[in-house]
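Have a look at it first.

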Amino acid sequence: MLLFVFFVLLQRQIYRHMPKIVFLIITLTIWICTLFFSIYNKLNAQENKFVVVLDAGHGGKDPGALGSNKRVREKDIVLDIALQAGNMLKSNCPDVKVIYTRSKDVFVTLDKRAEIANKAKADLFISIHTNAVENRKRRVLGVQSYTLTLKSSGANLEVEKRENSVIQFEEDGESKYSFSNPNSSESDIIFELMQDRDMKESVDFAKIVQHEMVNKAKRQDKGVLQANLAVLRKTYMPSVLLEVGFISTPAEEKYLNSKNGKNTLAKCIYNAVVKYKEKYTGHISSLVSISPEENSHLSVNEKTSQNE
């Protein structure tokens, strides 16, 4: 506003002391420069946005893990959660740019997911999945947040096998995602460089989102862990893989497939991004609340398991 007043006053002074044609040229030049800087500032603001890539696991010919009735599919649940979390970010955070690796039921290779994130120069990559166990008699509940390690862990081998099994749907998948010697000194050096740059931030976000799911969504805490996950190997930014519940356990399958369950988990992811963004950029955005009523549909067995 002050700049506008200055230009008006300047125009009047110039007009008094020079021919009209010169006055018009100077006025036009001033307004063109003003317009140019306004457009430049808007474009610069867009380029400086905090970029979040939301990766809904599986999709298309790869259904992911299946629920007890086989019609409840991981690929559908995680897509709903990703889209809801993305819509919240778009609505409440003008300083955030949201990119989906898929926004509908299509198959996307692990390579392509990483390429989307890397090409966008993302600040954060979040891969969303549901968990499962082969023995359906095991009633396992809870959420896990994973960051990358190149050394496979026996404790997390089941998760690694399941989440990496998507390579069976890709041509030459085995060769594309295998390391000739994961324990070689060369691999150690590459991983140490990645750790220095991104590992601290990855673990920070994993802790924040795990806290949200456990304390706000009242899910059972199964920890912040590390695993050798192919989808995280080729992303060059802080990256996490979330296991938002066990689709193989009927009580948790019901929660994951419910409108309230998916919305609550999306809110947890949204709030975690907002808190992480504030910590690393200083930009503050509003959090969304999760009311106790949103978790009132938990089954008696699920509540008991969570309180044990």
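Helices here are DSSP runs (H or I, at least four residues), strands are E runs of at least two, and both are numbered from the N terminus. The expected span of a helix is 1.5 Å times one less than its number of residues. This is a predicted model, where local features need pLDDT of at least 70, side-chain atom pairs count only at pLDDT 80 or more, and totals for chains, interfaces and linings use all residues. Residues are numbered from 1 along each chain as its sequence is written, and side-chain values use heavy atoms, with hydrogens and water left out.

Q: How do you know that the length of helix 10 agrees with its 23 residues?
A: At 1.5 Å a residue, helix 10 should span 33 Å, and its end C-alpha atoms sit 32 Å apart, so the two agree.

Q: Why is Lys277 called buried?
A: Buried means under 20% relative accessible area (exposed is over 50%, partly exposed in between; 1.4 Å probe, protein chains only). Lys277 has 0%, so it counts as buried. Lys277 belongs to helix 10, residues 259-281.

Q: What makes the pairing of the Lys277 and Asp95 side chains a polar contact?
A: A polar contact is a pair of N or O atoms within 3.5 Å; within protein, one must be able to donate a hydrogen and the other to accept it, and residues adjacent in sequence count only if both atoms are side-chain atoms. Lys277 and Asp95 are joined at 3.0 Å. The backbone oxygen of His283 is 3.3 Å from a polar side-chain atom of Lys277.
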